[in-house]
Amino acid sequence: MKLKEQPEIALAEDLGIPLTLRINGKTYSLRVEARVTLLDALREYLGLTGTKKGCDRGQCGACTVLCDGQRIYSCLALAAMQDGKEITTIEGLANGDTLHPVQAAFIEQDGFQCGYCTPGQICASVALIEEVKQGCASAVTPDLTHPPQLAELSESEIKERLSSNLCRCGAYNGIVAAVGQAIGQTPPPPEALVLVEE
Ligand code: FES
Ligand code: FES
């Protein structure tokens, strides 16, 4: 039974907080109990199941979405706090039948296997690229006064900036290569040992 079909949740909905969510360019009006997370609102109330629930506690990144252009763990974000914000989920990245360049790169570089963590990985990668464009440094940026440009983004920078997203099957090589492709770099060959400690 879906969450919203459960009697006690339906009652809570009647008493819930009215909010308007802008998701992938569409406007959704709903009522949710104050404790409902954005992740549950997406999946259980709005049927946007592209965003996955892995750990439900901010440890895996499977639920990553973009909120006003910045990546967040939707399992740790209350839906009621997103009123009026622009949310982008994996369903909103493609333009019709044309994949987002990061989505295409994930396919071409074999950046996923199970697919469960892939929506979050792709959303995080899209955000990563924007963060670099905006001059954000990471924990491995050697000179904080000169954050890296996309063209010179190193493998260690990509890995650090995606350390918020876990892949248990080991598709990391393909994921790093996909980000490399999306930013215009020549991706490393498939046999590259990009997980070797640097
Ligand atoms: S489901 Fe949100 S971080 Fe794992
Ligand atoms: S692609 Fe999901 S665990 Fe690796």
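Which residue follows α3 and has a positive phi? That would be Asp 110, with phi near 55 degrees.

## Getting started

This is a predicted model, where local features need pLDDT of at least 70, side-chain atom pairs count only at pLDDT 80 or more, and totals for chains, interfaces and linings use all residues. Residues are numbered from 1 along each chain as its sequence is written, chains are lettered from A and ligands numbered from 1 in the order in which they are written, and side-chain values use heavy atoms, leaving out hydrogens and water.

## The overall layout

You'll find 6 helices and 5 strands in the chain (DSSP runs numbered from the N terminus: H or I of at least four residues for helices, E of at least two for strands). Walk along the sequence and the pattern reads α-β-β-α-β-β-β-α-α-α-α.

Of the 198 residues in the chain, 43% are buried, meaning under 20% relative accessible area with a 1.4 Å probe, protein chains only. Among contacts (heavy atoms within 4.5 Å) with a separation of 6 or more, 52% link residues 24 or more positions apart.

## Helices α3 and α6

Take α3, residues 101-108: Val 102, Gln 103, Ala 104, Ala 105 and Phe 106 are buried there. Those buried residues pack against α4 (118-133) and α6 (172-182).

Now for α6, where the buried residues are Gly 174, Ile 175, Val 176, Ala 177, Ala 178, Val 179 and Gly 180. Their cover includes α3, α4 and α5 (155-161). After α6 comes Gly 184, with a positive phi near 85 degrees.

Methods
Buried < 20%, exposed > 50% of the residue type's maximum accessible area, 1.4 Å probe, protein only.
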